[in-house]
Amino acid sequence: MTDSSRPVFAVGHVSMPVEDVHSAYGFFVRHGMRAILERDDFGILELRGGTHLILTKSDEVIADGERAPFDLMVDDVDAVHAAFVADGVEATDIERGKIHDSFQVKGPSGYSIPVNSSHAVGVV
């Protein structure tokens with residue numbers, strides 16, 4: 001693989017149990033995921049690169065502040081942070097790091113979702 005080649009693998013699917021699939025689905029669509037399929041107890045959303053987020057109806061209450069089972073990467077962390085805040089989503093301040101700039105948002109079912117600046121290289 002050369003430095004400008006696409007890596008061989010991508011993440012295909014990640015799963016997130018939520019208390020209210022409809023509300024979670026709307027949250028993620030409103031913030032930039034592509035709507036694929038929505039049902040009362042199941043939803044599929046698409047992220048960049050073809051990864052799919054599978055939302056499933058949880059039979060258990062999610063602890064407020066529980067870390068989401070994934071993190072998100074974005075090209076413009078400042079613009080995405082501003083968009084969440086403008087939408088009324090609870091977000092931490094952006095922390096500037098050596099590898100990523102990042103912040104956390106309070107997402108569906110009270111999950112804490114990390115949002116990181118991208119450091120992808122080459123053709124993505």
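The structure is a predicted model, in which local features need pLDDT of at least 70 and side-chain atom pairs count only at pLDDT 80 or more, while totals for chains, interfaces and linings use all residues. Residues are numbered from 1 along each chain as its sequence is written, and side-chain values use heavy atoms, leaving out hydrogens and water.

**Helix α2**

Helices and strands here are DSSP runs numbered from the N terminus (H or I, at least four residues, for helices; E, at least two, for strands). Let's start with α2, which spans residues 77-86 and has V77, H81 and F84 buried. These three residues cover an arc of only 65° around the axis, which puts them on the same side of α2; the arc is taken from the directions from the helix axis to the C-beta atoms. "Buried" means under 20% relative accessible area, with exposed over 50% and partly exposed in between (1.4 Å probe, protein chains only). The cover over the buried residues of α2 includes α1 (21-30), β5 (72-74), β6 (95-96), β7 (101-106) and β8 (112-117), where contact means heavy atoms within 4.5 Å. Just after α2, G88 takes a positive phi of about 85°.

**Strand β8**

Next comes β8, where 6 of the 6 residues are buried, so the strand is largely enclosed by the rest of the structure. In a regular strand the side chains alternate between the two faces of the sheet. In β8 both faces are covered, with S112, P114 and N116 on one side and I113, V115 and S117 on the other. Two strands pair if DSSP finds at least two bridges between them. β8 runs parallel to β5, joined by 3 bridges, and V74 stands opposite S117. With β7 it runs antiparallel, through 5 bridges, and here S102 stands opposite N116. The hairpin of β7 and β8 has 5 residues between the strands, and S109 takes a positive phi near 60° there.

**Aromatic rings**

Rings of Phe, Tyr and Trp (its six-membered ring) pair if their centres lie within 6.5 Å; planes under 30 degrees apart count as stacked, over 60 as edge-to-face and the rest as tilted. By this rule there are 3 aromatic pairs, including these two:

| Pair | Centre to centre | Between planes | Type |
|---|---|---|---|
| F27 and F84 | 6.1 Å | 25° | stacked |
| F84 and F103 | 6.2 Å | 70° | edge-to-face |

F27 lies in α1 and F84 in α2, so their pair ties together parts 57 residues apart in sequence. F103 belongs to β7, so its pair with F84 in α2 links parts 19 residues apart in sequence. F27 is buried at 8% relative accessible area, and F84 at 5%. F103 is buried too. Finally, F27, F28, F84 and F103 form one aromatic cluster.
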